[in-house]
Each structure stands twice: as structure tokens, then as C-alpha cells.
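Welcome! Try each task before reading its solution.

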Amino acid sequence: MTDRRDPMSELKAGFFAECAERIEQLQDALVTFGESVGGGGTVDPEVINTAFRAIHSIKGGAGAFGLDALVRFAHGLESVFDLVRGEQADLTSWQINDLMRASDHLADLIDAARDGITAPPGGDDILGTLSAPASAIMPALEASPLTGPWTLRFRPHTALYASGNDALFPLLALRELGATEIRCDVAALPDLAALDPEEAYLGWTLTVSAERNETEIAELFDFVIGLCDLAILRKPPTTNAITDAPRTQASETSPTMRVDLERIDRLMNVVGELAIGQSILAQSLAEIGLDRQSQLAERLDTLTGLTRDLQDSVMTIRAQPVKPLFQRMGRVLRETSAALGKPARLVLEGETTEVDRTVIERLSDPLMHMIRNAVDHGLESPSARLASQKPSEGTITLAAAHRAGRLVIELHDDGRGLDRNRIRAKAEDRGLISKGDILSGTAIDELIFHPGLSTCESLSNVSGRGVGMDVVKTAISRLGGRISIASEPGWGTRFTLSLPLTLAVMDGMVVSVTGQMLVIPIAAILETAALRTLDRRAAGYDDELVRIRGAFAKLIDVSAALGIRRPGHLPDNAIAVLTASEDGSRAALIVDAVIDQRQIVVKSLRGGFGSIPGISAATILGDGQIAFICDPGELARTLPVDRNQPATVEDRKCQMPAR
Amino acid sequence: MSDAGEIVELLAFRLGEERFCVDVTAVRELRSWGRPTPLPHAPAYLSGVINLRGTILPVLDLATRLGLPPLAGGDRNVIIVAEAAGQSAGLIVDAVSDIHRVERGALEAPPAMASDGQTVCISALSLIGDQMVRVLDLAALLSTTVVDAA
């Protein structure tokens, strides 16, 4: 095999990971900046410096990798910020929007460079709008004066002391100027016996911080010129000190380390195996009749505790704050509001809330849909807002919090709220409800989650293709989450998402089906019952329904649905597991036996398998066996197709020798 | 490309009466037989999945994949865990026989033949002693054996 660890590509990967952080810093700074400008307050210069530093380091790294398009834009943007540093008070919020757009473009260029695709155009236009007014006011600040950090060597001659001067004065002045390090050189100091008290023996080496220039330093020594040896040297910048702006606490965070995701996944796997091994051990010891009071049992308990701790710790490694996700939504909002001409701002709350990275990845699409919907359907036009005494700029709040072991995300807009009459009319139109039905306000609101109901009259190119909220709801359900809605006409709409903190572990019921183990997610299960106690009714060609607690559920022969054996007579002692899918439809999954109910570690089947209808993932059971995790909603949908598939697993077993 | 004098190590194995090799650098490990859990809706050459220390690994019935008669070995068969084109899989074979050291220049491209399951997966031919060995193109083999999304 060829060498997979190309050192250059590793460096590059590091650079792009750093770029993501820098973009985050830049956007944070711009938001703070926008708030201060919008609130009429003064802007903390450190905020501008942070933004400037972020762009500068991106430029520096991009230069090292020869990413010219990126360097050029970053350089242009950097110059703009340099100008902003001079005339920040005059910036309007629209200019800040332009800066935001510029930072979005910078992020695009980074992505393009990372994926090796052509850089998106438009950078020059953005820079043009940004720098046109500013450059007229201030000539380019480009050529910054020669700055440090500086290293000074200062060695007074005997004459310095003889003329009534003191070495202490310039040293004190230097400290005021920002000398960070002062070292005394005592190498020339002789033994006490040989010491001449009137002779000068001492010298000093000092480091002075970056933002001073040479003249400022040299001035301090005006009085002692000729009475000392003085050298002012420009300290070679260290690799990460590529910025000339001062570093202060704003950029300090707790030390972190970048780790390859694959390594963490491997760690997860091993820890999962450890947990399985530990449970096998416990099981075997129980089987040979281990005394629960014995010392061995006690030690086994300790091991169990440690294993669980270890598992929890690994989970926290995978946890990430929702902030990058939320910031991406900021961009979606900016683009949508610009496209629709509805000014809006995004208020973020609880961005530091942490959740498993897989949840974050899979939340991106549904949230994006929801933000677009909020701007498109939720917010009124600026004139309509002013007419109803609201500020012309809409506010959309995105908040995250941990509640009762789940992640709760709220999306609130201060728009017009849902138009219940229109939703109702449309639902009647489509035959979802009938004219006489009495529905509560919330029940009508919930109709927007129904497939094919879009409330926007004219189809805009942003949303409104009729695949809105039902897609969102399906995506959230796939994550094991729930979505609810609360709307107040005239005052806005609030969506609340509740999600599990991790997708890596879940509660499942282990069942056996024709000798194979399967896991059914507990979250989907309503109840279990013996098949023979159920009221079965034939329906359609060869579908069967069962009636449980006043409702019909579709009967699904799991073994046949998965192609393990052909559909046919169901065993009399079979068990029916009643499940409800995200769309509320019920199914009775027929299995041979319920084995156990336990927490399982979810293993992805992606990579080499394609998608397997009815199966969402797999897990490894206590005895090392693999069990597939089924998706009841999918199983119900795939059944009709399977009947046409000739090859079942049993058929295949029979076929193989005959080939 | 690498020069012709470079030594390539090939792991030779048996599939019934037939002999094949794979590049040894693509082999991650050899495992004794363990019954794979069959995958629903999978093609016949995909025997199922096994638990490889916590990772779920697809296992190919290589004989069926290459259009050969099925293996008779039962639980005496061996699983070669190989990785190519970013994809790992287990390959069921009768037995692993040898490791051959061959100069790259001694590997010949296979002649164009009527395309069947086998020829598209052969990357080179060589003579070892007077025996012809076929080197499997693992990347082609593994990348074409995904379950089609239904």
C-alpha cells in the first residue's frame, strides 16, 4: 500500500482545523462588534484586534501552503480591518453585515481550498463595497512600523556610575514600557577579594513586547549614550507569533489538543468491548455460582463501576459545544434575510451546551430548514412589522440547554405566528381533516408537521416547496428526538426540540427472530403481548391488522420482512411488540421471543453496506454476537417490496452447495 | 510508479483448487473461522458481518464473488482481513499457503479476457516456479461489493 500518512496533508489538515476555530473567533468578534455599534456604545478595541488576528493567522497559514486565492482575500480583508481600527465609530450596521458577508466568503474560500475545488467568485466585489468609503478617509496603514519583540543588551560602563547616573532608571522606565523579562548578567563579577566597588561588572538582558518601536526604546537611553554598551535587537518571531497585534486574555482558552476522530472512535470501540467483556465475566461467574458476598464479587463490582466511568469519560470526549452549529445558522439567517429582504438578527443562547458530535452533525439540516422557515414564513415584511408596532428588524432566538438528560433546543421568532385559518383551510382542502372537525389551536399548529402541507402561498426559492416541517420532524425522530410547537398569533412561534445527548448508546429490547438476535429501540415500543391473545383481522391482499387498545396496528412478520425466511404461518407462541413510529403509525412486530432489555452500544453500519431496509445500525451483544437494530417505521414500509425478492437467507444457504 | 526491481510480498491462498494472492501490505490480519451474522437483503457473495474487536466487518464469500464453486471447508476456513480503497472486509478462503517475494517487474498485466466476475478483480499475473498466480485487485474487489441501496 502507498504511504497513507503524508506529512504535508497532516499539516494541512491541522491548518484547516485551525481555520475553523479562527472563523469562529472572527464571527464572534463581528457579532460583539455589531452589538456594540448597534447599541450606540463604544467598541472594545480588543474585539477588532481579535478579528484582525484571526484573519492574519489564516492568511499566514494559507501563505505557507500556497493557497493564493485565500491569501489574496484574507489580505484584502485584513487591510479593511486595519482601516476599521481607525474609524470604528462610523461603522453602520450595514457595513457590519458586509463584514459578516466577507467572513462567510472567507469561510467559503477555506472550504474550497480544503476540498481542492475552484474558489467561489465574488471576493473582489465584497472587498470593494467594504473598502470604498473607508479608503477615502484613511490612507493605507499597510506599512506598519518595524516592531518587536525586542531583545536589549545593556551593560553600563564604570563611567556611567561615575557621572552620577544609575542603571536602575532606564531599567525602571523599560519596565513601564512593557519589558516582560529582565535578566542580570553576573558572569563578569569577580571573587569578593578581587572586587573593586567602583568598577561596573553587571549587565542586563531584557525582552520588550511587540508593540513598541525602536525609537521609543532608544529614547530611554538618551542620557547614557556613550556610557554603556547598548544593543537593541529585533527578536526573531517564533512560529506562532505571526501577528503584530497584542495577545491578551481574549484569545486565551483552556489548553486543548487536536485528536484524530478515528482514534476516538477506536477508543470508543475498545471501551465498548471492555464493557462487553466485563459483562461476560460477570455472567460466567454468576453461572458457576459465585457467592454475592465474596471478595471476588466485590472486586467485580469495582470493575463494573470503573468500566462505566471509563465509558462515560469517553462519551464526554465526543461531546462538543453546539456553538459551531449555531454559528452556521447565523450565516443561513443572513443569507435568507438578504434574499427575502427581511432584516433579521439571530440571538444565540447556551452555545456552550455540549452534545455528542453525531447529534450535532445530523442537526444541521433540520435546523437550517427551520431557520429559513422562520424568516420566510414566520417574520413579516419590515413594513408590516412597523405597522404592528414591532421593530422592523426581526429577532430569531436559538437556544440550547440540557434538561433531564436530554438536549433541548428552542427556536423562537417574533413574527406573525402561525395562520391557523389558512392551515385549517389547507388541511381541509387536502382532506387531512374534515370540515366539521373541532381542533384546538395547538392541534391545528401541529398539522404543519404533516407531509405536504406548506403554508406559503407563493413558492419562494428559499423554502415552501412543501417539504418543510415534515422533513424536519422525520429527521428529528431519526435522531430519537421530539419536536413540539407553540405559536401565538401576532407574537411569534416557538419550536422546541428534545434530543438524546448521544447516539452512541441507547436502550433496546433484544428479541430473537428465527434464531437471529435483533434489537428494537425501547423509545419506539408501546407494549408487548402474546400474539395469540390479540384480535387479528385480515386486511387487503395478505396484510393483517391487530387491534390493540382500541387502535389498529399493522402486523409485521419481522423474519420475512428482513428476508430471513419466507412469509407464511406465524408460530402460535410468537410475541407481538407494538411500536409507534414518528408519524404516529403503529406496527405490531412479530418476533419469536423477548430475550432481554438493556443499554446497547450503537455501531454504525455505514461504509461498505449501503443502506439495509429496516435496519438502522448494529450492536454487539454480551456474548460477542452481532445483533442488528431495526427501525420499526422502516420495517413497516419495506415489507411489500420484499415479497418480490426471491432470495431469503435460508434460500441462500440451500443454494450455495448447488451452485 | 515504483521501479521494476522493487520486491512485492504476496500472500498466497487457496480457494478450492484455485490459487490466488493478495498484496501483503493490504492484509491486516488472519482470523480463524467464525460464523458471520447474515445481512438481510444482501447479495449472495456477502456472507454477513463479524465482530472484529468491536468493529463490524463485512465478510465476503470470495469463491462466490469470483464465480467459483463454493468452499467445502466449513469451519476450517480462514478469514483474511484486508483493507483497500479505504474499506475493510473479511475474505473467506480455504487456507493461506505461503508468502511469495516477487519483483514488481515480474508481475504481468492480465490479458484482456471475456469479462466475468473474476477477471475484473485480477490486477496481475506472475509465475512462481512453474505455477501461475493471480494477484487480486483488492480495491476493485472491495469497492464493487457494496450492498446496493434498495
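**Exercise 1.** Find the helix of chain A that holds A:His56, and decide whether this residue is buried or exposed.

*Solution.* Start with the location: A:His56 belongs to helix H2 of chain A, residues 45-64. Keep in mind that this is a predicted model. Next, look at accessibility: buried means under 20% relative accessible area. A:His56 has 16% relative accessibility, so A:His56 counts as buried. Finally, turn to the record: an unreviewed UniProt entry carries the annotation "modified residue: Phosphohistidine" for A:His56.

**Exercise 2.** Work out where A:Thr514 and B:His41 lie, and classify each by its accessibility.

*Solution.* Take A:Thr514 to begin with. A:Thr514 sits in the loop of chain A between strand S12 (505-513) and strand S13 (516-521). Its phi is near 45°, a positive value in a residue other than glycine. At 28% relative accessibility, A:Thr514 counts as partly exposed, because that class lies between the 20% and 50% cut-offs.

Now move to B:His41, in the loop of chain B that runs between strand S3 (27-32) and strand S4 (46-52). B:His41 is not a glycine either, yet has a positive phi of about 55°. With 18% relative accessibility, B:His41 counts as buried.

**Exercise 3.** Trace the open sheet of five strands in chain B and name its edge strands.

*Solution.* Follow the strands across the sheet: the order is S8-S1-S2-S10-S9, with mixed pairing. Strand S8 (95-103) and strand S9 (122-128) are the edges, as each pairs on one side only. On average, neighbouring strands of this sheet are turned by 35° against each other, direction ignored. Then zoom in on one pair: strand S1 (residues 7-15) and strand S2 (residues 18-23) of chain B run antiparallel and are joined by six bridges. Within S2(B), B:Val22 is the bridge partner of B:Leu11.

Technical notes: Residues are numbered from 1 along each chain as its sequence is written. Chains are lettered from A and ligands numbered from 1 in the order in which they are written. This is a predicted model: local features need pLDDT of at least 70, side-chain atom pairs count only at pLDDT 80 or more; totals for chains, interfaces and linings use all residues. Side-chain values use heavy atoms; hydrogens and water are left out. Two strands pair if DSSP finds at least two bridges between them. Helices (H or I, at least four residues) and strands (E, at least two) are DSSP runs, numbered from the N terminus. Axes are lines fitted to C-alpha atoms, for helices over the stretch in contact, and angles run from 0 to 180 degrees between N-to-C directions. UniProt positions are given in the numbering used here, feature names are shortened, and annotations may be inferred rather than shown by experiment. Buried means under 20% relative accessible area, exposed over 50%, partly exposed in between (1.4 Å probe, protein chains only).
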